[in-house]
Amino acid sequence: MSKSEQVAKVTVTIKPDDETMKKIADFVKRHNCYSVDYIIDENIIGGIIIQIGDVIYDGCNVRTRIL
């Protein structure tokens, strides 16, 4: 699978607003990924986790900070 075919898995605690979704789309495009799948997971408490292929970007996931 090429990077352009990869789906970025974005885990958040609540659905992001339009401005945040645009920032996420811009971020994944800079990493050669053009599709985003949002996963709502209340267990992360806050922040965002983006996975593109084998790479995980943990954007201030509150759960990892307090554990």
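In what follows, a contact means heavy atoms within 4.5 Å. The structure before you is a predicted model, in which local features need pLDDT of at least 70 and side-chain atom pairs count only at pLDDT 80 or more, while totals for chains, interfaces and linings use all residues. Residues are numbered from 1 along each chain as its sequence is written, and side-chain values use heavy atoms, with hydrogens and water left out.

I begin with Thr-11, which belongs to strand S1, residues 7-12. Helices (H or I, at least four residues) and strands (E, at least two) are DSSP runs, numbered from the N terminus. Is Thr-11 buried or exposed? Its relative accessibility is 14%, so Thr-11 counts as buried; the term buried means under 20% relative accessible area, exposed means over 50%, and partly exposed lies in between, with a 1.4 Å probe and protein chains only. Apart from neighbours within four places in sequence, Thr-11 is in contact with Ile-39, Asp-41, Ile-44, Gly-47, Ile-48 and Ile-49.

Let me turn to the strands. Two strands pair if DSSP finds at least two bridges between them. S1 and S3 run antiparallel and are joined by 4 bridges; Lys-9 has Gln-51 in S3 as its bridge partner. S3, residues 48-52, is largely enclosed by the rest of the structure, because 4 of its 5 residues are buried. S3 is also joined to strand S4, residues 55-59, by 5 bridges, again in an antiparallel arrangement, and here Ile-48 stands opposite Gly-59. The two form a hairpin with 2 residues between them, and Gly-53 in the turn has a positive phi of about 65°.

I come now to helix H1. Which residues of H1 are buried? They are Ile-24, Phe-27 and Val-28. Seen down the axis of H1, these buried residues fall within an arc of 90°, so they line one face of the helix; the arc is that of the directions from the helix axis to the C-beta atoms. In general, an α-helix has 3.6 residues a turn, so residues three or four places apart point the same way. The cover over the buried residues of H1 includes S1, S2, S3 and S4. On the face turned away from that buried side are the exposed residues Asp-18, Glu-19, Lys-22, Lys-23 and Arg-30.

Finally, His-31 sits in the loop between H1 (18-30) and strand S2 (35-40). With 26% relative accessibility, His-31 counts as partly exposed. His-31 and Ile-52 are 21 residues apart along the chain, and their C-alpha atoms are separated by 8.1 Å.
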